[in-house]
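Please look over the model below before reading my notes.

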Amino acid sequence: MILDDMVTLKDRLCLIKWGWYSISMATGGIAVLLSRTPHQFTGLEIIGKIIYIFNLAVFLAITACMAVRFISRPTALKESFRDGNESYYAPTLLLAIATIILGAEGYGTSACGPWLQVALRIVFWIYTAISTLSAIFHNWYLYHLTMASQQPFPIAQLLPSFPAMLSGTIASSIAGTQPRDQALPILIAGVTLQGFGFIMSLLIYGEYHYFLAKHGLPERAKRPQMFIAVGPWSFTALALIGMAKEGVKAFPSRYIISYADPISAENVTVSTSDIALVIASFFAIFVWTMAFFHLCVAAISVLASTRMFGGTGAPPMSVAYWAMVFPNTGFIIATISIGQVLQSPAILWVASVLTVLQVIMWLGVGSATILAVARRQMLWPEDAKRGIEDNFG
């Protein structure tokens, strides 16, 4: 008997897991990247807005499918958090929301009235609270269940703290359009959570490199996930430069400095924002190098598995491939930020070339995902796959 007649659309939709939000993360990231690419041309903003609106539709579609899954089987929600291969990817929901907030700032500011700044400010604080609580309780829950023993590839452990870290990126994006008295606490909160996420990632990096040194490269199917390691370095670099740049307008000239030396307030010409921008820029360059290193290691590892380079074949199509988009988008935006602060046309042109390549990557992974779903290589029950193979050889 051919089992494909027994698999309904609802059955396929119920196979969508938390990791599918990485599609929305990647798509929203591309929209943000196009709004920030240094060499703009006529029509690029419209293209970016179309991608941003498309991402909203993708996000809502994935959310609807997840709702169908959890409503159809009430135990599925609990099981998703107890599954070592899925629980770590639940934070991709918050990461997808972060890209929506960033896109709203990038494309909505010029088209909407002052109400958008108020709305973004409110959304920022809500997102900050939820992502912080999520990082605390989700990490505790994973520790409680010793979930790492079920997740053989440690780089996924970065994800529970990632949404909180993106609060810094959001702060760097929205602070510039906020009143000074509102921008200052937003920037302080952004620095706080950026530091939390970055330090948490450093702890995971130690285990990640120990794993690679002891066990070698992961299996082919997990190698695209190695690009996750690019994210924390990249988003820290772009967030710190962005927040320091916005601090030029938000920080009082003697902010913090006057606490230690209140007498010389009139004699010193160097402001707090000047110091912050210089330190942030050099630290961003420092961590950008590590992002580049992890990007190269991940790319070589994926290429080494292909037949072209003597491997056994490229990894089969899966949601893991979307990890090749979102972290790399952060790397390119960080490169743009460094090029701007250093006033380097060469770096900005490199970033523009990388933007084109990244859009091609996004289109390629998106097309491959659509084909895999159509060919029943994704979102298809394993028992049905075996039945089809038995009937069609």
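1. Basis. This is a predicted model, where local features need pLDDT of at least 70, side-chain atom pairs count only at pLDDT 80 or more, and totals for chains, interfaces and linings use all residues. Residues are numbered from 1 along each chain as its sequence is written, and side-chain values use heavy atoms, without hydrogens and water.

2. Largest pocket. Its volume is about 1,100 Å³. A pocket here is an open set of points on a 1 Å grid over the protein atoms alone, where a 1.4 Å probe fits, with protein on both sides within 12 Å along at least five of seven lines; lining residues have an atom within 4 Å of a point. Volume is the space filled by probe spheres set on the points, which are joined across faces, edges and corners. The largest pocket has 35 lining residues, and Lys17, Asn85, Ser318, Val319 and Ala320 lie nearest its centre.

3. Its lining. Helix 2 (21-36), helix 5 (92-108), helix 12 (326-341) and helix 14 (382-392) each give at least two residues to the lining of the largest pocket. Helices are DSSP runs (H or I, at least four residues), numbered from the N terminus. By class, this lining holds 21 nonpolar, eight polar and six charged residues. Nonpolar covers Ala, Val, Leu, Ile, Met, Phe, Trp, Tyr, Cys and Pro; charged covers Asp, Glu, Lys and Arg; the others, Gly among them, are polar.

4. Second largest pocket. It holds about 540 Å³ of space. Of its 24 lining residues, Arg36, Ser172, Lys245, Glu246 and Gln340 lie nearest the centre. Helix 2, helix 5, helix 7 (162-174), helix 9 (231-250) and helix 12 each supply at least two lining residues. The classes are nine nonpolar, 11 polar and four charged.

5. Ser167. This residue lies in helix 7. Ser167 counts as buried because its relative accessible area is 0% (buried is under 20%, exposed over 50%, partly exposed in between; 1.4 Å probe, protein chains only). Its contacts (heavy atoms within 4.5 Å), leaving out residues up to four places away in sequence, include Phe124, Tyr127 and Gly190.

6. Phe292. Helix 11 (residues 272-304) contains Phe292. At 40% relative accessible area, Phe292 is partly exposed. Phe292 and Thr335 are 43 residues apart in sequence, with C-alpha atoms 10.0 Å apart.

7. Positive phi. Thr146, not a glycine, has a positive phi of about 45°. Most residues other than glycine have a negative phi. Thr146 sits in the loop between helix 6 (115-144) and helix 7. Arg376 also has a positive phi, near 65°. Arg376 is in the loop between helix 13 (345-374) and helix 14, and is partly exposed at 33% relative accessibility.
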